[in-house]
Amino acid sequence: MTSSSWEDFRSAEPAFADTIRTRFQQYKHHVLATLRKDGSPRVTGLEVDFRLGEPFLGMMPNSRKALDLLRDPRFAVQANPGPDAEMADGDVRISGRAVEVTDPAVLARFIEEVKPPEPFHLFRVELTEVVRTGLEGGDTMVIQAWRPGHPLRTFRRGNDDGSLSEVF
């Protein structure tokens, strides 16, 4: 599956990338999905830190989620939905591959800015999909989806017919 850096995504769809980043920055804690050794899903809390022009996933050394990602880098991060059922800013998710940051210069810049407890694992993301789901007019679901090498797609689904239609 093709993946893309955050910068490539931001260059391709700047307004959508800003919407996604802003939505993740509304709350500190989000939900990370990784794959266990046996292939079953693991869901756990996580902070997504936008620094140095991209999102980073930081975690304690040898945590289960870090070990999952070191073994199988596929992940999905769901943004915190917020304090109520309204989700006025939509529901967002990024999926892809987590790549451990080993470059001493990048690690030093991250440590200088964030001052995380050390030691720690730091991963940058290579995106395979970015999705935002929201409501329009109270009864129409709008889904925006981006994948590397493809334009942003928008789908709408109303309560009346239940069918999903792409908006061009």
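1. Start with Val-31: its bridge partner in strand E4 is Gln-78. Strand E1 (residues 29-35) and E4 run antiparallel, with 3 bridges joining them. Two strands count as paired if DSSP finds at least two bridges between them; strands (E, at least two residues) and helices (H or I, at least four) are DSSP runs, numbered from the N terminus.

2. A quick word on what you're looking at: this is a predicted model, where local features need pLDDT of at least 70 and side-chain atom pairs count only at pLDDT 80 or more, while totals for chains, interfaces and linings use all residues. Residues are numbered from 1 along each chain as its sequence is written, and side-chain values use heavy atoms, leaving out hydrogens and water.

3. Now look at the faces of E4 (residues 74-78). Phe-75 and Val-77 make up the covered face, whereas Arg-74, Ala-76 and Gln-78 sit on the uncovered one. In a regular strand the side chains alternate between the two faces of the sheet.

4. E4 also joins strand E5 (residues 91-100), antiparallel, through 5 bridges. Here Val-77 stands opposite Ile-94.

5. Ser-95 counts as buried because its relative accessibility is 10% (buried means under 20% relative accessible area, exposed over 50%, partly exposed in between, with a 1.4 Å probe and protein chains only). Leaving aside neighbours within four places in sequence, Ser-95 has contacts (heavy atoms within 4.5 Å) that include Phe-75, Ala-76 and Leu-127.

6. Finally, helix H4 (residues 104-114): Asp-103 caps its N-terminal end, with a side-chain oxygen 2.8 Å from the backbone nitrogen of Ala-105. After H4 comes Lys-115, with a positive phi near 55°.

Terms used:
A polar contact is a pair of N or O atoms within 3.5 Å; within protein, one must be able to donate a hydrogen and the other to accept it, and residues adjacent in sequence count only if both atoms are side-chain atoms.
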